[in-house]
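Here are my notes on the model, point by point. Have the structure open while you go through them.

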Amino acid sequence: MGSELKVPTMAELFAAGQQPEVLFWVGCAGSFDDRAKKITKAFIKILNNADVSFAVLGTEESCTGDPAKRAGNEFLFQMQAVTNIEVMNAYGIKKVVTACPHCFNTLKNEYPGLGGTYDVVHHTQFLKQLLEEGKISLEGGTYKGKRITYHDPCYLGRANNVYEAPRDLIRKLDAELVEMKNCKKKGLCCGAGGAQMFKEPEKGDKDVNIERTEQAMETQPDIIAAACPFCNTMMTDGVKNKEKEASVAVMDIAELIATAADL
Amino acid sequence: MEYLPNILFTLVLLCGIGFFAKNVRRLVRNIKLGKDVDVSDNKPQRWNNMARIALGQTKMVARPIAGFLHIVVYVGFIIINVEVLEIILDGILGTHRLFSAPLGAVYDLLIGSFEILAILVIVAVVIFWIRRNIIRLQRFIKPEMEGWPKKDGNLILYIELVLMFLFLTMNGADYQLQQMGAAHYASEAGIMGSFPISQFLGPLINGMSISSLVIVERTAWWLHIVGILFFLNYLYYSKHLHILLAFPNTFYGNLKPKGQFKNLEAVTAEVKLMMDPSADPFAAPEEDAPDPEKFGASDVVDLNWVQLLNSYTCTECGRCTSECPANQTGKKLSPRKIMMDTRDRLQEVGENIEANKGSFVDDGKQLLDDYISREELWACTSCNACVEACPISIDPLSIIMDMRQYLVMEQSAAPSDLNNMMGNIENNGAPWPFNQMDRLNWVEES
């Protein structure tokens with residue numbers, strides 16, 4: 001492939017009288033964070049390759065309000081939510097996919113009460129479905145024999161009980177999935193949730209992401225797989241702190257799949 | 001004079017139960033200080049949760065050693081209570097082993113199994129004590145456990161130990177008396193009950209006369225039942241209330257996905273008004289309009305009653321705290337302390353109400369700052385590890401979030417970094433200072 005990304009916006013499709021099957025909610029990190037933008041692109045490559053009918057909101061998208069809500073600013077959260085819901089409802093959106101577990105949780109659980117009810121899936125669930133439907137195929141042994149450990153994002157795992165979709169995808173890569181001592185329901189937070197991403201941590205002995213990175217390192221992985229842009233940042237920082245960035249990569253599941261499918 | 005023991009026993013029993021009932025009323029009154037919350041939905045699932053989590057102890061075994069030992073004590077506690085019923089009836093009626101005749105061989109089996117459970121409880125309690133005091137497991141020696149909480153934990157173990165020893169002593173002496181054919185004890189039908197454990201007490205009391213044995217048996221019998229009544233009344237002053245409250249607490253526990261935080265209705269009303277183009281921004285509030293609702297929680301009365309029930313249910317096991325990422329990395333936050341503080345403050349408010357004839361008189365204190373510090377609240381990552389870890393469906397996170405809401409929406413007291421983040425969302429629709437119009441720029445970037 002390697003050709004240009006096709007990223008239709010809802011506005012363009014609407015003008016052409018078309019309705020995509022699914023809205024890809026890119027999220028703030030996916031739009032602005034340099035590392036997360038790569039995840040966005042990897043996911044778009046897969047969507048393009050699988051010929052998925054999708055669109056993004058582009059400049060009409062705004063923060064879901066998750067960090068404001070977790071920080072205690074319910075007012076700002078609901079302002080954001082109501083604005084976003086107005087936009088999405090105006091486009092008649094039914095299904096949403098997002099690569100950010102925080103957007104996923106908020107859209108799926110907290111928007112319905114404010115008038116925005118959609119079928120919301122996380123990109124790992126979406127990718128698993130594409131794979132099962134045969135819309136993407138993984139060839140070559142890019143990850144054969146590699147040790148991959150998966151870090152459960154809190155807002156995907158404990159918050160919404162999605163533990164298996166990302167793991168199933170890793171298993172499909174022919175890689176060796178190695179679990180950390182704290183995984184799934186007992187997975188340790190990366191330290192970013194609850195709006196911690198945007199502030200300095202309180203005084204303590206250690207940063208949470210260092211603790212989690214140490215747990216990941218105990219499995220002697222080649223790759224730490226993440227499924228959240230914020231976890232990705234925290235784990236990447238942790239790996240750098242341990243000066244292991246040359247031997248251990250932190251990658252999103254979408255990136256693993258895109259690379260394995262040679263996109 | 002013949003009925004003196006019966007009368008005395010009935011009086012003691014009534015006092016014990018009456019005092020307990022009084023404390024239950026206090027408990028209910030305090031819990032009802034919380035705001036109303038609708039938990040009337042999904043009854044079948046709620047019963048199911050209670051059966052699985054409280055009755056079935058399914059979450060206790062997430063930690064196998066503590067879980068297994070706890071089940072031993074729990075089963076012992078429940079089953080040995082069948083025996084307590086007989087003791088109470090014997091006490092009132094002046095009978096001896098009332099259930100023996102109607103139950104026949106089943107009775108022997110029951111008493112035998114009670115004895116085996118009693119010795120297992122003793123073993124479990126001793127191991128629990130060793131874990132708290134010799135091994136000193138991390139979660140039992142956190143700062144919030146200093147003083148009364150530590151003493152409380154040990155006292156409960158001592159009481160359970162003493163009760164079990166009294167039970168076995170009572171049985172041992174009784175067995176001896178029955179064998180000796182003592183009046184009132186022995187039955188023509190043969191030995192009542194089986195004594196697989198207490199028979200080994202034989203050598204200790206072998207040479208005793210019937211009258212001495214009666215004294216031993218009666219003393220153990222009385223201390224055992226009075227001890228149980230004492231324990232019942234100790235609950236209110238202790239973390240041990242969980243043996244009762246775990247049931248309603250798991251019933252009323254959260255059924256929604258853990259990531260779903262409730263949307264504040266008071267805020268929804270305000271937001272709708274703000275978004276309404278025809279609303280008059282200068283309109284004076286209607287004369288009979290109620291005062292606007294306070295956002296978030298700064299004291300226990302701002303929490304809902306399920307959260308307050310949570311606080312009384314907490315047995316301070318510390319599983320939440322040991323799973324908390326903030327606590328693991330040395331921050332001040334401990335979810336267990338959030339629950340203990342909430343309970344202690346609620347207790348203080350309740351006592352205030354009692355001292356002031358039914359109404360609360362401002363004591364210049366509140367849950368925020370006087371009990372729970374801002375530093376603790378801001379250290380939370382909202383990861384839900386504490387909620388997941390709790391074996392009886394307590395939700396410390398919801399209290400933390402309600403208190404953050406108070407800090408941000410009533411006090412504008414967020415850390416400055418978070419104020420920047422929120423300012424960015426307000427102005428640009430992203431937590432960072434990027435323009436919303438640049439949101440799709442990544443498509444063009446290589």
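1. A word on domains before anything else: their bounds come from an automatic or database domain assignment. For chain B that gives domain 1 (4-31 + 63-251) and domain 2 (265-281 + 293-438). The C-alpha centres of these two domains of chain B lie 41 Å apart.

2. Some housekeeping. This is a predicted model, where local features need pLDDT of at least 70, side-chain atom pairs count only at pLDDT 80 or more, and totals for chains, interfaces and linings use all residues. Residues are numbered from 1 along each chain as its sequence is written, while chains are lettered from A and ligands numbered from 1 in the order in which they are written.

3. On confidence, chain B has a mean pLDDT (the predictor's confidence in each residue, from 0 to 100) of 94, with 100% of its residues at 70 or more. The model's ipTM is 0.95 and its pTM is 0.95.

4. Back to the domains of chain B: their contact (C-beta atoms, placed from the backbone, within 7 Å) draws 22 residues from domain 1 and 22 residues from domain 2. On the domain 1 side, the elements giving two or more residues are α1 (4-31), α6 and α9 (242-251) of chain B; helices here are DSSP runs of H or I, at least four residues, and strands are runs of E, at least two, numbered from the N terminus. α9(B) gives the most to that side, with 6 residues. By class, the domain 1 side of chain B has 8 nonpolar, 7 polar and 7 charged residues (Ala, Val, Leu, Ile, Met, Phe, Trp, Tyr, Cys and Pro count as nonpolar, Asp, Glu, Lys and Arg as charged, and the others, Gly among them, as polar).

5. Have a look at α6 (residues 148-179) and α8 (residues 210-234) of chain B, which pack at about 150 degrees with their axes 8 Å apart. Axes are lines fitted to C-alpha atoms, for helices over the stretch in contact, and angles run from 0 to 180 degrees between N-to-C directions. α6(B) and α8(B) are therefore roughly antiparallel (over 145 degrees; under 35 is roughly parallel, 65 to 115 roughly perpendicular, the rest oblique). Residues in this contact include B:Leu163, B:Phe167 and B:Met170 of α6(B), and B:Leu213, B:Trp221 and B:Phe231 of α8(B). The class count for α6(B) with α8(B) is 17 nonpolar, 4 polar and 2 charged residues.

6. Chain A is divided into domain 1 (10-129) and domain 2 (137-260), with C-alpha centres 22 Å apart. Each gives 26 residues to their contact. On the domain 1 side of chain A, α3(A) provides the largest share, 8 residues, and the classes are 13 nonpolar, 7 polar and 6 charged.

7. How do α7(A) and α11(A) run relative to each other, parallel or antiparallel? Their packing angle is about 25 degrees, with the axes 10 Å apart, so they are roughly parallel. A:His123, A:Thr124 and A:Leu127 of α7(A) meet A:Ile253, A:Ala254 and A:Ile257 of α11(A). That contact has 4 nonpolar residues, 2 polar and no charged.

8. Lastly, the chain-chain contact takes 56 residues from chain B and 55 residues from chain A. Elements giving two or more residues to the chain B side include α10 (265-275), α18 (396-410) and α19 (416-428) of chain B. That side counts 31 nonpolar, 14 polar and 11 charged residues.

Key
Two residues are in contact if their C-beta atoms, placed from the backbone, lie within 7 Å.
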